[in-house]
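This report is meant for a reader who is meeting the structure for the first time. Please look over the sequence and the model before reading on.

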Amino acid sequence: MQLSQAHHDAVNRRRRIVVQYDAHGQLGADFGEWLDFRFRYFDQPGSQVDSIFWDVGFGSWAPYPSQVLERFEHPGLRLWWDQGIDWIAGLVTQTHQRGLEAFWNHRVSEVDLSPTESLDPGCTLMLDRRNPLKEAHPDWVLKTWWWQGMWNYAVPQVREFQVAILREVAETYDLEGFQLDFARHVPCLPVGRQWELRDQVTEFLRMVRSMLEEVAASRGRPYLLAARIPQTLAGCHADGFDIAQWVHEDLVDILTLGSRSMTVDLADFAEVVAGHNLKLQPCFDDHHATDGYRFPPVEFLRGVFANWWAQGADSVATFNWTNAPAQECEELIAKGWQRAMFNEPGPASHGQAYCEVGSPDTIARKDKVFAVERRGGYPWAEGFFNRNDEALLPLPLRNDGTAAQVPLYLGDPLRSDADQVAGLKLRLVLFGAREGDRIAASLNGMELPVEVCDHGWKDPQIFSPAPQPASGGRGQYAVDPRQQLLRLDFLLPASLCRRGWNRVDVWIADRIAYVVRDIALEKVELHVQYR
């Protein structure tokens, strides 16, 4: 694919924070007030957001006048349309007026939503009738976790249909680019044959790239193409995404890595894209969040993004973050807006992070929490993407004293900045330990002294011995007064910490009497406070 210099210049624009923005809530409200609400965080002084990937499609229905799809007959959208309002054009125009990029996020295979009911209390799934398009073309879908089926990209007609949708959007709206969002959902190829059929997805990217180049030539301005893919090359292989071939053919400009995982193999991807003008941006979803860390404090967010910058990210992305400060959300709810996930008041950490995490310089020497990934909590996939099944925690500890080895990445140069570090501790949270049990830990081979041993610790996002529930919801977790976790804080010197991968060893040094009772390591965190 021969790309113009103007195209390469567009790829190289500054992107610090890219926001994938699901803007479905309160459709039909006063449009000016609704638009103002959508941009509250991006209008705050010091915002580092440079691009918005608008995630406003409805799967098999069009939220705009369309010749390809039936229109999504949402009552709020009908109200706007009757007033002559094109809400998509309004979002794009307001994005550009703020000097920001506007992309269209295309979910390659979405669950089917009812076209005639309000989305505001929560998405209304089509459980009582079939999507007419899927009913007419049963050979286009894969039978999987969603009863209606997911689109099968091994079918040529599916690829042609999806490209027709994207062409219509590209010709209608003044966008900078598109993102093909494979996080929503997998599988998109027959299960068990994903890698065998990988060329079918590659062909889809060729078709999209070729179409966008045609539209770009006619409008005299480039169209960029991003793709949201699993956070590891092994995960891409499992789901049928041949990233090396995509890169070889220059089919994509930006790879958005992961969604709800803190652990992203940026080094492996960097090797694959070397020599190509292609950007890597890891993504953090705080709705279907990494397990145990929904709506975390800003110190945790700083740790996640500091690690990504240290590993070579070109930009960072957010998804499913709250839309505005909590007070402003409550004010609109008091005025009559429905309380729902799209406008539910969230943590102040989101607004603060939008002003900090877009550069390693603006989070340098600020308090952080570096944590280890937890698995589970995502049933809406059959494959690798989004599930975090490869995460190490929670981890049962052996009863014979053998140490569990836990890798922990630290993006801050704590050793060289030791004189700026005011406090440093390794925190472990365990389930199943009782008073009298002794748990020991070391970092990079040095055993650490215990500072805090709290057998009454509570964490509302740990559910052991019950299984971890599905992620999502409103982010409101109740503390179980009967819960008894063990929190251990260990003191350590900054000189012991390496920038990059560190090894935490945890073992049972002594136990009181037990029968068939595991002690499970639930969380591993390193907390750093700066002067």
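## Terms and basis

In what follows, two residues are said to be in contact, to meet or to touch when they have heavy atoms within 4.5 Å. Helices (H or I, at least four residues) and strands (E, at least two) are DSSP runs numbered from the N terminus.

This is a predicted model, in which local features need pLDDT of at least 70 and side-chain atom pairs count only at pLDDT 80 or more, while totals for chains, interfaces and linings use all residues. Residues are numbered from 1 along each chain as its sequence is written, and side-chain values use heavy atoms, with hydrogens and water left out.

## Helices H2 and H4

Two packed helices are described by the angle between their axes and the distance between the axes. For helix H2 (residues 31-38) and helix H4 (residues 87-97), the axes come within 11 Å and cross at roughly 45°, where axes are lines fitted to C-alpha atoms, for helices over the stretch in contact, and angles run from 0 to 180 degrees between N-to-C directions. H2 and H4 are therefore oblique to each other, given that angles under 35 degrees count as roughly parallel, over 145 as roughly antiparallel, 65 to 115 as roughly perpendicular and the rest as oblique. Their crossing is right-handed; a crossing is left-handed if the near helix is turned anticlockwise from the far one by less than a right angle, and right-handed if clockwise.

On the H2 side the contact is made by Phe 31, Trp 34 and Leu 35, which meet Trp 87, Gly 90, Leu 91 and Gln 94 in H4. Sorted by class, this contact of H2 with H4 has five nonpolar, two polar and no charged residues, where Ala, Val, Leu, Ile, Met, Phe, Trp, Tyr, Cys and Pro count as nonpolar, Asp, Glu, Lys and Arg as charged, and the others, Gly among them, as polar.

## Helices H6 and H7

Helix H6 (residues 156-172) and helix H7 (residues 198-219) have axes that come within 10 Å and cross at roughly 25°. That angle makes H6 roughly parallel to H7, and H6 passes H7 in a right-handed crossing.

Residues of H6 that meet H7 include Arg 159, Glu 160, Val 163 and Leu 166, and those of H7 that meet H6 include Phe 204, Met 207, Met 211 and Leu 212. By class, the contact of H6 with H7 has nine nonpolar, two polar and six charged residues.

## Nonpolar cores

A nonpolar core is a set of buried Ala, Val, Leu, Ile, Met, Phe, Trp, Tyr and Cys residues joined through side-chain atoms within 4.5 Å, and buried means under 20% relative accessible area, with exposed over 50% and partly exposed in between (1.4 Å probe, protein chains only). The largest nonpolar core has 151 residues, and those with the most contacts inside it are Trp 87, Phe 182, Trp 246 and Leu 255. H7 gives this core its largest share, eight residues. Apart from it lies another core, of 11 residues, among them Val 11, Phe 53, Leu 224 and Ile 254.

Leaving out residues up to four places away in sequence, the residues that Phe 182 touches include Val 108, Leu 205, Ile 229, Trp 246 and Phe 385.

## Loops and backbone

Most residues other than glycine have a negative phi, and most peptide bonds are trans. Gln 26, in the loop between strand S1 (17-21) and H2, has a positive phi near 55° and counts as buried at 11% relative accessibility. Asn 320, in the loop between strand S12 (316-319) and helix H12 (326-334), has a positive phi near 60° and is buried, with a relative accessible area of 15%.

Pro 187, in the loop between strand S8 (177-181) and H7, is joined to Val 186 by a cis peptide bond with omega about 10°. A cis peptide bond also joins Leu 393 and Pro 394, with omega about -5°. Leu 393 is found in the loop between S13 and S14 and counts as buried at 0% relative accessibility. Not counting residues up to four places away in sequence, Leu 393 touches residues including Val 372, Arg 374, Leu 521 and Val 524.
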